[in-house]
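Look over the structure before reading on.

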Amino acid sequence: MSDYKINTNCVHGGYTAKNGEARNFPIVQSTTFRYATSEAMAKLFDLEASGYFYTRLQNPTNDVTAAKIAALEGGTAAMLTSSGQAASLFSIFNICGAGDHVISSSTIYGGTYNLFAVTMKRMGIDFTFVDPDCTPEELEAAFKPNTKAVFGESIANPALVVFDIEKFAKAAHSHGVPLIVDNTFATPINFRPIEWGADIVIHSTTKYMDGHAMTVGGVIVDSGKFDWTKYPDKYPGLTTPDESYHGIVYTERFGLEGAYITKAVAQLMRDLGAQVAPMNAFLLNMGLETLHLRMPRHCENALALAKFLKGHKNVEWVNYPGLEGDKYYDLAKKLMPNGTCGVITFGVKGGRKAAEKFMAGLKLASIATHVADAKTCVLHPASATHRQMNDEELAAAGVSPDLIRFSVGIEDKDDIIADVKQALESI
Ligand code: PLP
């Protein structure tokens, strides 16, 4: 399947119907699977045979969708999770424990920042947040003897910083640790992090992959390239016997291409249970069938809107990495020559009050705590997600009072621009 081009894999990846079978892989809406003998089932529990026994661990619909995403990202194995948050947690917790340290870009999704800085810190994992535009020397200085992973977002939500992946991959690999990249905003249509040095790729599939704001979900993809066996002291969970699984050594049994994901399924899904519902995996699979058609339209519309905003008298500033003159334009052109994403941030003249007035004037764009689906949606963080903060606190959080996050959908760009124009003129 992965010999096909990415557009074909969006449609067919993960599953080929055999004679007389359903062309759409069905929703296997069953918690459990029947076996003729206890011995047959015992082999599954020992990971000696592959097969399904309980949907918390694996389900055929979920696996088919995960296999499609592995093909899209060019990875060797993948697993779905119940949310992007669960994907971020599992991607790190699979190789880190109490006493370990992780380096993360500071411009990441706020929920991920909270997960790392508060919740995972409580689990004993320490994070150092670095400016993604830091010098190689500054990055180097963040490493500690107990550093186990490096993390960043290919295009940061909502800062729209394009991640200098080569710099981070080089530093991570020179310290013998993997680079984990959240590729939610770019999607594999615009950027394939594994080709630029990422070892693990994650997504909130809730966004462009689903594409229709129907299902919350996440995915973790392993490149199969990171050699855990070179650092057995650092990653004993992968390279030494797992007593909770009859002494299996994941790297020995499943090779570099399968060890990381098998461990994440066998241990983390088993114990923490953040599995996706088969119905949601089915809907995600349907969404993926048009990802290659939707992404270029999102980017085309976003660029047209960004250009319009740049020239408007009521607009103070515009951030869009696909827009010439943007701080990240050159890096985006190099890493993502076909486009970046459909999300723009901009500030309206007149601060918080003007921003609120602009929002109220929109007719086509809906006010929603979401980004990256087919319908244009918009959020004014200062009056929504960050409304408890005063202007000074907003500045410290990197959210100016006038900041509007605009997720450009796949409607006709003329209608989107007309809606924004009339709302801007109502300020
Ligand atoms: N990563 C990024 C870049 C996101 O934008 C989000 C959510 O907005 C997440 C992760 C978390 O994903 P979810 O909401 O599916 O848990």
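The notes below cover the cysteines, then the largest pocket.

This is a predicted model, where local features need pLDDT of at least 70, side-chain atom pairs count only at pLDDT 80 or more, and totals for chains, interfaces and linings use all residues. Residues are numbered from 1 along each chain as its sequence is written, and side-chain values use heavy atoms, leaving out hydrogens and water.

**Cysteines**
- The structure has zero disulfides (pairs of cysteine sulfur atoms within 2.5 Å).
- Cys 96 is in no disulfide, and the nearest cysteine sulfur, in Cys 134, is 19 Å away.
- That 19 Å is too far for a bond.
- Cys 96 is buried, at 5% relative accessible area (buried means under 20%, with a 1.4 Å probe and protein chains only).
- Cys 134 is buried too, at 6%.

**Largest pocket**
- The largest pocket holds about 890 Å³ of space.
- A pocket is an open set of points on a 1 Å grid over the protein atoms alone, where a 1.4 Å probe fits, with protein on both sides within 12 Å along at least five of seven lines; lining residues have an atom within 4 Å of a point.
- Its lining has 36 residues, and the closest to the centre are Ile 108, Gly 110, Asn 157, Pro 158 and Val 399.
- By class, the lining has 19 nonpolar, 13 polar and four charged residues.
- Domain 1 (6-286) and domain 2 (295-424) both give residues to the lining, so the largest pocket lies between them. These bounds come from an automatic or database domain assignment.

Technical notes:
Buried < 20%, exposed > 50% of the residue type's maximum accessible area, 1.4 Å probe, protein only. Points joined across faces, edges and corners; volume = space filled by probe spheres on them. Nonpolar A, V, L, I, M, F, W, Y, C, P; charged D, E, K, R; others polar.
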